[in-house]
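Biologist: I am new to this structure and would like to learn how to read it. Could you walk me through it?

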Amino acid sequence: MRRKKTAKKGKGFYGQWAWKRVRYEALKLHGQRCQCCGWQPGDTKSGHLVVDHIKPRKKYPELALDRSNLQVLCNDCNMGKSDHYEDDWRSFDEAFSATIQ
(Lines give C-alpha, C1' and ligand atoms only; values in the text may rest on other atoms or scores of the structure.)
Protein backbone atom coordinates (compact mmCIF):
# COMPACT_ATOMS: atom_id res chain seq x y z
CA MET A 1 0.00 0.00 0.00
CA ARG A 2 1.40 3.41 -1.02
CA ARG A 3 1.42 6.28 1.41
CA LYS A 4 0.05 9.60 0.30
CA LYS A 5 2.62 12.37 0.28
CA THR A 6 1.54 15.34 2.33
CA ALA A 7 2.91 18.84 2.01
CA LYS A 8 4.84 19.98 5.02
CA LYS A 9 4.02 23.42 6.34
CA GLY A 10 6.50 26.03 5.17
CA LYS A 11 7.60 24.06 2.11
CA GLY A 12 6.90 24.90 -1.51
CA PHE A 13 6.36 28.28 -3.11
CA TYR A 14 4.43 29.94 -0.28
CA GLY A 15 7.08 28.92 2.27
CA GLN A 16 9.92 30.61 0.39
CA TRP A 17 11.43 33.82 1.75
CA ALA A 18 11.27 35.43 -1.70
CA TRP A 19 7.46 35.02 -1.66
CA LYS A 20 7.19 36.26 1.92
CA ARG A 21 9.15 39.42 1.02
CA VAL A 22 7.10 40.26 -2.07
CA ARG A 23 3.87 39.43 -0.21
CA TYR A 24 4.83 41.87 2.55
CA GLU A 25 5.65 44.54 -0.04
CA ALA A 26 2.22 44.05 -1.66
CA LEU A 27 0.44 44.38 1.69
CA LYS A 28 2.44 47.51 2.47
CA LEU A 29 1.70 49.01 -0.96
CA HIS A 30 -2.01 48.17 -1.15
CA GLY A 31 -3.01 48.27 2.53
CA GLN A 32 -5.11 45.95 4.62
CA ARG A 33 -8.39 46.10 2.72
CA CYS A 34 -9.83 43.79 0.08
CA GLN A 35 -9.42 45.52 -3.25
CA CYS A 36 -12.55 43.82 -4.59
CA CYS A 37 -15.22 44.23 -1.88
CA GLY A 38 -13.55 46.57 0.63
CA TRP A 39 -13.56 44.11 3.55
CA GLN A 40 -10.91 44.69 6.19
CA PRO A 41 -9.92 42.87 9.38
CA GLY A 42 -12.38 43.77 12.12
CA ASP A 43 -15.40 44.16 9.81
CA THR A 44 -16.58 40.66 10.77
CA LYS A 45 -15.59 38.09 13.39
CA SER A 46 -13.95 35.83 10.82
CA GLY A 47 -12.06 36.22 7.59
CA HIS A 48 -8.57 37.12 6.52
CA LEU A 49 -6.69 38.85 3.75
CA VAL A 50 -4.57 37.11 1.14
CA VAL A 51 -2.18 38.36 -1.51
CA ASP A 52 -3.57 37.18 -4.84
CA HIS A 53 -1.79 36.61 -8.13
CA ILE A 54 -3.86 38.53 -10.70
CA LYS A 55 -2.57 36.30 -13.47
CA PRO A 56 -2.54 32.81 -11.93
CA ARG A 57 0.80 31.31 -10.98
CA LYS A 58 0.17 28.01 -12.76
CA LYS A 59 -0.50 29.79 -16.08
CA TYR A 60 2.15 32.52 -15.67
CA PRO A 61 4.95 31.12 -13.46
CA GLU A 62 7.31 33.89 -14.58
CA LEU A 63 5.05 36.44 -12.79
CA ALA A 64 4.93 34.57 -9.47
CA LEU A 65 7.21 37.08 -7.69
CA ASP A 66 6.30 40.14 -9.76
CA ARG A 67 4.75 42.73 -7.45
CA SER A 68 2.82 44.28 -10.36
CA ASN A 69 0.89 40.97 -10.59
CA LEU A 70 -0.31 41.06 -6.97
CA GLN A 71 -3.41 42.43 -5.28
CA VAL A 72 -4.90 42.13 -1.79
CA LEU A 73 -8.19 40.24 -1.52
CA CYS A 74 -10.23 38.84 1.34
CA ASN A 75 -10.36 35.06 1.44
CA ASP A 76 -13.95 34.97 0.11
CA CYS A 77 -13.12 37.09 -2.97
CA ASN A 78 -9.92 35.16 -3.55
CA MET A 79 -11.74 31.81 -3.40
CA GLY A 80 -14.39 33.10 -5.83
CA LYS A 81 -11.75 34.37 -8.25
CA SER A 82 -9.64 31.23 -7.90
CA ASP A 83 -7.28 30.69 -10.83
CA HIS A 84 -10.15 30.88 -13.35
CA TYR A 85 -10.17 34.66 -13.75
CA GLU A 86 -7.57 37.37 -14.21
CA ASP A 87 -9.59 40.25 -12.75
CA ASP A 88 -7.48 43.16 -11.55
CA TRP A 89 -9.28 44.89 -8.69
CA ARG A 90 -6.60 47.51 -8.06
CA SER A 91 -7.30 51.09 -9.07
CA PHE A 92 -5.40 52.43 -12.07
CA ASP A 93 -3.14 54.56 -9.83
CA GLU A 94 -2.21 51.57 -7.64
CA ALA A 95 -1.52 49.38 -10.69
CA PHE A 96 0.70 52.08 -12.18
CA SER A 97 2.64 52.71 -8.96
CA ALA A 98 3.27 48.95 -8.56
CA THR A 99 5.00 48.84 -11.94
CA ILE A 100 7.37 51.75 -11.29
CA GLN A 101 8.53 50.91 -7.77
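Biologist: Which residues of helix 1 are buried?

Modeller: Buried means under 20% relative accessible area, exposed over 50%, and partly exposed in between, with a 1.4 Å probe and protein chains only. In helix 1, the buried residues are W19, V22, A26, L27 and H30. They cover an arc of only 145° around the axis, which puts them on the same side of helix 1; the arc is that of the directions from the helix axis to the C-beta atoms. An α-helix has 3.6 residues a turn, so residues three or four places apart point the same way. Please keep in mind that this is a predicted model, where local features need pLDDT of at least 70, side-chain atom pairs count only at pLDDT 80 or more, and totals for chains, interfaces and linings use all residues. Residues are numbered from 1 along each chain as its sequence is written, and side-chain values use heavy atoms, with hydrogens and water left out.

Biologist: Which exposed residues does the face turned away from the buried side of helix 1 carry?

Modeller: That face carries W17, Y24 and K28. Just after helix 1, G31 takes a positive phi of about 85°.

Biologist: Which elements does the protein have, and in what order do they run?

Modeller: Helices (H or I, at least four residues) and strands (E, at least two) are DSSP runs, numbered from the N terminus. Here there are three helices and two strands, running α-β-β-α-α from the N terminus on.

Biologist: How do I read a pocket, and which residues lie nearest the centre of the largest pocket?

Modeller: On a 1 Å grid over the protein atoms alone, a pocket is an open set of points where a 1.4 Å probe fits, with protein on both sides within 12 Å along at least five of seven lines; lining residues have an atom within 4 Å of a point. The largest pocket is lined by 13 residues, with Y14, D52, H53, N78 and S82 nearest its centre. Strand 1 (49-53) and helix 2 (75-81) each supply at least two lining residues, and strand 1 gives the most, with four.

Biologist: S82 is in that list, so where does S82 lie?

Modeller: S82 lies in the loop between helix 2 and helix 3 (92-100). Its phi is near 50°, a positive value in a residue other than glycine. S82 is partly exposed, with a relative accessible area of 31%.
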